[in-house]
Every structure is written in C-alpha cells, then in structure tokens.
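Visitor: Please show me the sequence and the structure, and then let us discuss them together.

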Amino acid sequence: MTLADRLHFAWDALHGFRMRTALMLLAMAIGVASVVLLTGLGEAARRYVMGEFSSLGTDLLVVLPGRSETVGGPPPLLGVTPRDLTLEDALALLRHPAIKRVAPLVIGSVPVSAAGRERESTVVGTTADFEPIRRIEIATGRFLPAGDPRRGRPLCVLGRTIEAELFGGASALGETLRLGDRRCRVIGVLGSTGRSLDVQLDELVLVPVSTAQALFDTPALFRVLVQARDRTLLERAREGILATVRARHDGEDDVTVITQDAMLATFDRILGTLTLAVGGIGAISLVVAGILIMNVMLVAVSQRTAEIGLLMALGAPPRQVLGLFLTEAGLLALGGALLGLAIGALGAALLGAFYPDLDFSAPAWAAPAALLLALGMGLLFGALPARHAARLDPVAALARR
Amino acid sequence: MLELAGIGRDFEVGEQTVHALRDVELNVAAGEYLSIMGPSGSGKSTLLNVIGLLDRPTRGRYCLDGTDVTVLDGAARAELRRDKVGFVFQFFHLVPRLTAAENVGLPLVLAGVEPDERRVRVARALERLDLVSRASHRPDQLSGGQRQRVAIARATIMEPRLLLADEPTGNLDRHSGHEVLELIEALHASGLTLLVVTHDPEIGRRAGRRIHVVDGRVEEQVP
Ligand SMILES: Nc1ncnc2c1ncn2[C@@H]1O[C@H](COP(=O)(O)OP(=O)(O)OP(=O)(O)O)[C@@H](O)[C@H]1O
Ligand SMILES: [Mg+2]
C-alpha cells in the first residue's frame, strides 16, 4: 500500500466520522494552542523584564566596596579590614581609556523639611554624570551642575513624589529645603522616571556627592556606577577598575565589579526556566488530548470491527491494519496541532491588541516542539487501539456487523 | 489445488470444547465447482474460513497449490489470501463510506497497485458486472443485488484462482439471488475454482460436486 493511498484511506475514515474527528481535533488543538500561548506569555514576561534592564544601559558596570564572597577560601587575615571606596578612587577611574563616565553614589536617610512640612527621605549624593548614565529626565529646572565633585554647592534635585509631598502641588524650583542640619536650594525636579526597576527615583532627593558625604559624615561611597566607552570595552573597563583600585589600595582586590550583562544573564536564565515551566503545563494538556485520542480510537476500532475483518479477508496483513490506524491517529494529531498553532497565533495577536506594549509571540522552539509532541502523543496513544485492531481475529471480526 | 488431511477445528467456549470440524479429508482440483450444504451450526462457514486462510485449523494438514499453509505466519497467510482467494459474503461487507468503485478497488489499494493501473482494472470489473452507472454510488444507495455484484467485482479484482462464497444469495430475493448466482457460475466457467456454501438445495444441485457437512464431518454426496 503506497503512502498516498494510506493517507487517502485514513482521510476517508476520518471524514466518515465527522463528530468524532472534530472532537479529537479540538482536544489536540487546545493542547497545542495552550503550549504556544503559555510559552508566549512567559516570553512576553521575559522580554519585558529584559527590556527594563537594558534600558538601564548595557554598557554599565557597578563597583561595590568589599570582595564578593570568594569560593570558600580562608577568612581574611587579622588586621586587614576592607578599605572604603572613596571619591578619589572613583575619580581615578576616569583616567582609564575604556571608561567614559563615573557616578559615585552615597546613600542615606535623613529628615527633609520645607515650608513647615517634614518627612524622612532617602538622599542620594552623586555627580552630574549620574544624569546621562541613568538616562534621567528632568521635568523642570536642571540636574546637578558639573564641576569639581569634591566641592559641591548646596543644591538639590527632587523626585516628583517628594516635591508633591513637601510643596503640595506648588513648584519647588528655587525654594530652600532642609536636609538634616543643612539647607539647599532646589534647582530641578525629576520627570517621569518611567522604566526603572531598581530604585524609586520619584522618592529621592539628589544632592552633590560631597554634600551627602558631609551630611552622613562618611568618606565611604555606597557604590560607583561606571559607564564604558562602548559595550565592547566592558571587559577592559572591568580590568581597568580592578587594576586602578588595586594600585590605590596597597595591592588589595577589595572591590566587586558587577556587569549589567551578568545580571541580565541571571534574569534571562530564571525567566527562560519559567517559560519552560509554563510550557510544560501546556504540554500536560497535550497528554490529556493523547488520552482522548486513545479512547476515541478504541471506540472507533470496536465500531469498525467488521471493516477491519474485511480488510484482513482482502489480504491486509496485521502490520497494514496497524499502519492504517496509526496513520489516522497521526493525521488527527497533525491536523489538531496545525489548528492549535493557528489558534495560538490568533490568541497571541488578540492579547497583543489588548496589551500593545508586550509581544506575546511564542519562542521559536515552541511551535515545532508542540507539533512534535502532539504527533508523538497521537502516535503513542494511537498505538494501543491500532495494535488492538491488528490483533483482531478476522473470522470473529467479520461476524460482527 | 486444495488438499485437506485430518483437519480439525476446536473452539473453547468456557469449559466446553466445540468441535466445529472433525477429521476433514477433502481434495479439490483446480476448476472444480463445489456446493457445501448442511444444517445450521454444522461447520460450513468454519470449513470455508479454513480453506480461505482466514482461520487456522487446530490440527491436520492443509496444502494450497502444493504448499503447506498451516505452518505459515499471519503476514504470509494474508499475502496468499490477497493473491489467491476471493471471498463473497452473505452480508456483502462493503465499506459504507466508500463508493462502489472504491470498494471494488480496495484490494488493489491494499496490494499497492499504482493508481493508473487501478483505474483501468476497476473500470473493467465494473463493466463486466454491469455497474458502470453505479460507480460513484455508496453502498446505501445500492440495491442488495447491486451490492453483491460490487462484492463479486471486489472478490475477483485480484484475479484469484479460488472463489469462496458463504451463502451469497442468503440476503437477496429470488430474482437477484439468481442473477448473482449466474455471475458467480460464469466466473467458474472462465476457470475459477468455486466453493459455495448454501442452504438452498436447488442451488446446491447446480454444482458439479456436492459436499455435506454434518456435525463437523464432511460427507461427499454421490449424485
Ligand atoms: N468463534 C467461535 N467460538 C465458539 N464457537 C464457534 C465459533 N465459531 C463457530 N463456532 C461454533 O462452531 C460450530 C460451527 O459453526 P459455523 O459457523 O461453521 O456453522 P455454519 O455451518 O456456518 O452454520 P450456519 O449455517 O448457521 O451459518 C457451531 O457450533 C458454532 O457455534
Ligand atoms: Mg455459516
């Protein structure tokens, strides 16, 4: 029997029992569509988070004081305390050719008051370069001025929420603010901070780094943001940072440098796993569809017993009967899978229409994987009824009408 | 052509053993026309199924064209059945979703014959059995006589040497039954070996050789 004839025969049989065929197609289609849609949702989440992070700039390095946990190793020798990361350290980094900008950060919390209102607020000391590094938008006024970071003037830039809370809707520009025991003039208000995941810029007060150091009475930096000249120079910049700090800290490697890429890779891995997990949930519905195919095919075999007996009487060997029923199962699975892919694509397009910011298209592997899995399920669960058919006794089968 | 020696066929029904065939000795030469008669439940259909390789005897030796077929496996028996044996059943056994032409061509499809050749052979068979105008009809659109003619066309499309008919007229009125019988006898006239199981003594008498089956034993009726 040629393949074309086999397909034709199976097609006729499926066509002859429309209700049954439609049901099985539907079950398969739902399974495949749920794989495609669920992985699409997972991918949308992954893409969204990755987008958020790369909007922070993938040419960024973060320098933290202290060694990150080394793998085991002896505890630090007595008497060796990690040195502070200082403003001088940060400024020294600028001399490296691979480094474009640095933004030292000092962070602390103090009471902030103006016009009789007071609240506790996070104050961040930094430099003018923080603006381009973090792609800050200014709503009114301007950002901290450039100039010698060691001698900052008593100026500050407010987040939107802080401005609203202290000035109650009125413009804060030009007003004076009390930060602990110091006073400073508001020269700018931050605009929509939009996509920023790590710190809530809306709630911050930004001051020159030296002002913050004096305010919190510490020379130590919380961390330093470093921008490389180019993405490709990240590794050179990292080496530059380590070498510079080592030279300035008596040969001690006492800072940790984190690349944005490393963080991105971690998130990518976590969210990729999540996508796999929800895809797996979808795959379970394919197994359910496979079991349904098995049930319905078993009914089909018993309903078509006389036909099977006839095929045998006409000289079809058991293998051929097996092949015919497997072909039916395979066609059902394939047809259902294709239908499911179409439904999945439609569903993704529909979701996309409601949430235009997100892209719900499934990852490239999802469609072929769902297709293969559907086919596998169809054949696996079709095998039992097909074997049942192939093992029928032709005489007994023919006697059934 | 057929040599049956000491053939027995037992069926286990619960605790009991039913001896459907007992110690059957039968030789049939190529081109003979046999009628098989006997009371209901005597083993006529079982005998025909054994001869047509649909059923395996429990014991004995059966040679078809000189080869011992009792030792062959299922696939080999299926191949012999496909190439050498044509069946005509009381209840026609047409596939309801296929047209008359498709039903006739089914053995060719199963045998893997190319579509072009298939079309030619099916057209010839339909013409021979006067079914051309019914080629695209489905079984439920045909009369009983027409259905049995489709079944005969299907049974002969592989050009078998042996035609086995189990009560071919049992489900037909007198007129169509007569028509069908004449078609079958015409096939015998053209050289086929023919075995017909029947309850109708009138039909039984038309055969060259008459076999009587009683309680699983075969007796030759001497005319
Ligand atoms: N699959 C089976 N299982 C058990 N017993 C069977 C089976 N097939 C046939 N028999 C028994 O074998 C005997 C012969 O049956 P068979 O069908 O050959 O009779 P028959 O002569 O064709 O009868 P009829 O004229 O009614 O068609 C009967 O007693 C029947 O009950
Ligand atoms: Mg019978």
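**Interface and salt bridges**

Guide: Chain A and chain B bury about 2100 Å² between them, 66% of it on carbon and sulfur atoms. Buried area is the accessible area (1.4 Å probe) that two parts lose on being put together, summed over both. This is a predicted model, in which local features need pLDDT of at least 70 and side-chain atom pairs count only at pLDDT 80 or more, while totals for chains, interfaces and linings use all residues. Residues are numbered from 1 along each chain as its sequence is written, chains are lettered from A and ligands numbered from 1 in the order in which they are written, and side-chain values use heavy atoms, with hydrogens and water left out.

Visitor: Which residues in chain A lose the most area to chain B?

Guide: The contact (heavy atoms within 4.5 Å) takes 28 residues from chain A and 25 residues from chain B. Three residues of chain A lose the most area, together 25% of what that side buries: A:Leu310, A:Leu314 and A:Val395.

Visitor: How many salt bridges are there between chain A and chain B?

Guide: A salt bridge is a side-chain nitrogen of Lys or Arg within 4 Å of a carboxyl oxygen of Asp or Glu. B:Arg118 forms one with A:Asp5, the closest N and O atoms being 2.6 Å apart. Between chain A and chain B, the count is two salt bridges.

Visitor: Is B:Val104 buried or exposed?

Guide: B:Val104 lies in helix α3 (residues 100-111) of chain B. Leaving aside neighbours within four places in sequence, B:Val104 is in contact with several residues, including B:Val122, B:Leu126 and B:Ile157. With a relative accessible area of 0%, B:Val104 is buried.

Notes:
Helices (H or I, at least four residues) and strands (E, at least two) are DSSP runs, numbered from the N terminus. Buried means under 20% relative accessible area, exposed over 50%, partly exposed in between (1.4 Å probe, protein chains only).
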